Amino acid sequence: MSALQAAVFAMRTSQAALQTIGNNLANVNTPGYSRQVVDLANRRPQIIGGLPLGQGVEIAQIRRLRDASVESVLLQTTAQQGQRTAELDTLRQIESLLTPGQGTLHAQVQNFFSRWELLAAEPAEGVRRQEVLQSAGQIANEINSLAQSLASLKVGLKTEIETAVAEVNTLSQNVASLNSEIQIAEVRGVRPNDLLDQRDRLATRLSELIDAEMVRAGAVDGVRLASGESFITTRAKVMSANFDVVEGAQIVVEGAAGTVQLTSGRLAGLVDGFNTFVADVEEDRKSVV
């Protein structure tokens, strides 16, 4: 009877291993899916007449093939890429406003000095004086137009910051919900590989928006945001964006004092664009005026 039982256990184990392989093949193109592997272990032997008789094989666990150190580097790299992409987008828009060309501020300034040279050659000529005045007016109009364009750019950045913060909050709540399900499953002795994959996908998306890292938090892995200024376990704190005339864009976390210091992620790039890049050009414009 023991031999038959060992054969049955072996067949069940092989069937589970084949099912796992089939699942891996079926999800080979599924984004965020981690390949799974079956770990086998010998069953506890049965003692008969003082002799240990083997009872075959069983599945110890079905685990994901996932390297935590590689995932950590991936999250960091993703966050840095998100920040640089956002900064580059803003700088390109600023560049398009300041690039020399026909009808631009650069062209108007050149035209203004050219008119002055003509007036210097013919100081008594009334037409030359009128041309200088007209050219000065064109520069003023172009500076005002630049100011309006920069204001529109800041409005666009403000909208993007608010959208990014809203997405961070949505993703954070989803991570917290998944962590609750993962915790319940693990307490029941089930390894919730699919739920873990879902959480990792959300963490990767979070890292595109704000610097994020996976850390162990008691019975469940948590996601730490913004160098620990926000922490997601089975509950997530709400972030919000404030906009001040002097301080610019500020990100705050529910229940925390002060503002969040962003170090990477798309949100950091957007805030830098709002507070630094556009603000610097506005200051330069004021100095010209």
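A salt bridge, as I use the term here, is a side-chain nitrogen of Lys or Arg within 4 Å of a carboxyl oxygen of Asp or Glu. I took helices as DSSP runs of at least four residues, numbered from the N terminus.

**Entry 1: the count.** I am working from a predicted model. I searched the whole structure and found 15 salt bridges.

**Entry 2: a pair inside one helix.** I looked up Glu-162 and Lys-158. Their side chains meet in a salt bridge, 2.8 Å from N to O. Why are they about one helical turn apart? Both sit in helix α4 (residues 126–187), and they are four residues apart, so about one turn separates them. Glu-162 has 35% relative accessibility, so I put it down as partly exposed. Lys-158 comes out at 32%, so it counts as partly exposed too.

**Entry 3: a strand-to-strand pair.** I turned to Arg-224 and Glu-213. They form a salt bridge, with the closest N and O atoms 2.9 Å apart. This pair links distant parts of the chain: Arg-224 lies in strand β6 (residues 220–225) and Glu-213 in strand β5 (residues 212–217), 11 residues apart. Arg-224 is partly exposed, at 30% relative accessibility. Glu-213 is also partly exposed, at 30%.

Entry 4: Asp-197 forms a salt bridge with Arg-64, and I noted 2.8 Å between the closest N and O atoms. Buried or exposed, I asked of Asp-197 and Arg-64? Both are buried.

**Entry 5: a network.** I followed shared partners. Salt bridges join Arg-64, Arg-66, Glu-71, Asp-197 and Asp-200 into one network.

Definitions and conventions. Residues numbered from 1 in each chain as written. Predicted model: local features only at pLDDT ≥ 70, side-chain atom pairs only at ≥ 80, totals over all residues. Heavy atoms only, no water. Buried < 20%, exposed > 50% of the residue type's maximum accessible area, 1.4 Å probe, protein only. Helix = DSSP H or I, 4+ residues; strand = E, 2+ residues; numbered from the N terminus.
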